[in-house]
Amino acid sequence: KARGRGKILLRCLEDVDTAVTKPVVTFRLAVGSGDPAKQAAPRGPVRHDFSERPICGLPENQQQWDFTKAVDKTTHTFVVCLEVLSGSAGS
């Protein structure tokens, strides 16, 4: 059983013409809720070229999250924040 733990993966759903653009993204991930005490520090940054692999996550030593620590007890939800730091290969 997962017991509230898991990882977050990003997936590029579109076919990318690498002759036109290079789908390189630098990003960070965070998990939290409306309660500032339940905000996890952002993890990353990760730089990934989606033309090499359409799916990407955090490095293995950072990828495991305990989502139960972020759950809002009133709404039974949590928020995943994706922060895109750079969208171009040259940055």
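User: Quick one to start: is Arg28 buried, exposed or partly exposed?

Analyst: In this predicted model, Arg28 counts as partly exposed, because its relative accessible area is 26%, and the range for that class begins where buried, meaning under 20%, ends.

User: Which residue does Arg28 form a salt bridge with?

Analyst: Arg28 pairs with Glu83 in a salt bridge, and the closest N and O atoms of the two are 2.7 Å apart.

User: How many salt bridges does a search of the whole structure find?

Analyst: The search finds three salt bridges. Another one of them joins the side chains of Asp66 and Arg5, at 3.7 Å from N to O. That pair also connects distant parts of the chain, with Asp66 in strand S6 (residues 65-66) and Arg5 in strand S1 (residues 5-6), 61 residues apart. Arg5 is partly exposed, at a relative accessible area of 45%.

User: And what about Asp49, which side chain does it meet in a salt bridge?

Analyst: Asp49 meets the side chain of Lys22, and the N to O distance is 2.8 Å. Asp49 belongs to strand S4 (residues 43-49), while Lys22 lies in the loop between strand S2 (9-11) and S3, so the pair links parts of the chain that are 27 residues apart.

User: Are those two buried or exposed, or something in between?

Analyst: They fall into separate classes: Asp49 is buried, with a relative accessible area of 8%, whereas Lys22 is partly exposed, at 46% relative accessibility.

User: Let's zoom out. How many helices and strands does the chain have?

Analyst: The protein chain has seven strands and zero helices, and its elements, read from the N terminus on, therefore run β-β-β-β-β-β-β. Along the principal axes, the C-alpha trace spans about 50 × 30 × 25 Å.

User: What share of the residues is buried?

Analyst: Of the 91 residues in the chain, 30% are buried. The accessible surface comes to about 6,400 Å², and carbon and sulfur atoms account for 52% of that area.

User: Which residues make up the largest nonpolar core?

Analyst: That core has 12 residues, among them Ile8, Leu10, Phe27, Val46, Cys56, Trp65 and Ala70. Strand S3 supplies the largest share of this core, namely three residues.

User: You listed Val46. What does it touch?

Analyst: Leaving aside residues up to four places away in sequence, Val46 touches Val25, Thr26, Phe27, Cys56, Gly57, Leu58 and Pro59.

User: Where does Thr26 from that list lie, and is it buried or exposed?

Analyst: Thr26 lies in strand S3 (residues 24-32), and it counts as buried because its relative accessible area is 14%, below the 20% limit.

Technical notes:
Residues numbered from 1 in each chain as written. Predicted model: local features only at pLDDT ≥ 70, side-chain atom pairs only at ≥ 80, totals over all residues. Heavy atoms only, no water. Helix = DSSP H or I, 4+ residues; strand = E, 2+ residues; numbered from the N terminus. Buried < 20%, exposed > 50% of the residue type's maximum accessible area, 1.4 Å probe, protein only. Areas by Shrake-Rupley, 256 points an atom, 1.4 Å probe, with all protein chains shown as cover. Core = buried A, V, L, I, M, F, W, Y, C linked by side-chain atoms within 4.5 Å. Contact = heavy atoms within 4.5 Å. Salt bridge = Lys/Arg side-chain N within 4 Å of Asp/Glu carboxyl O.
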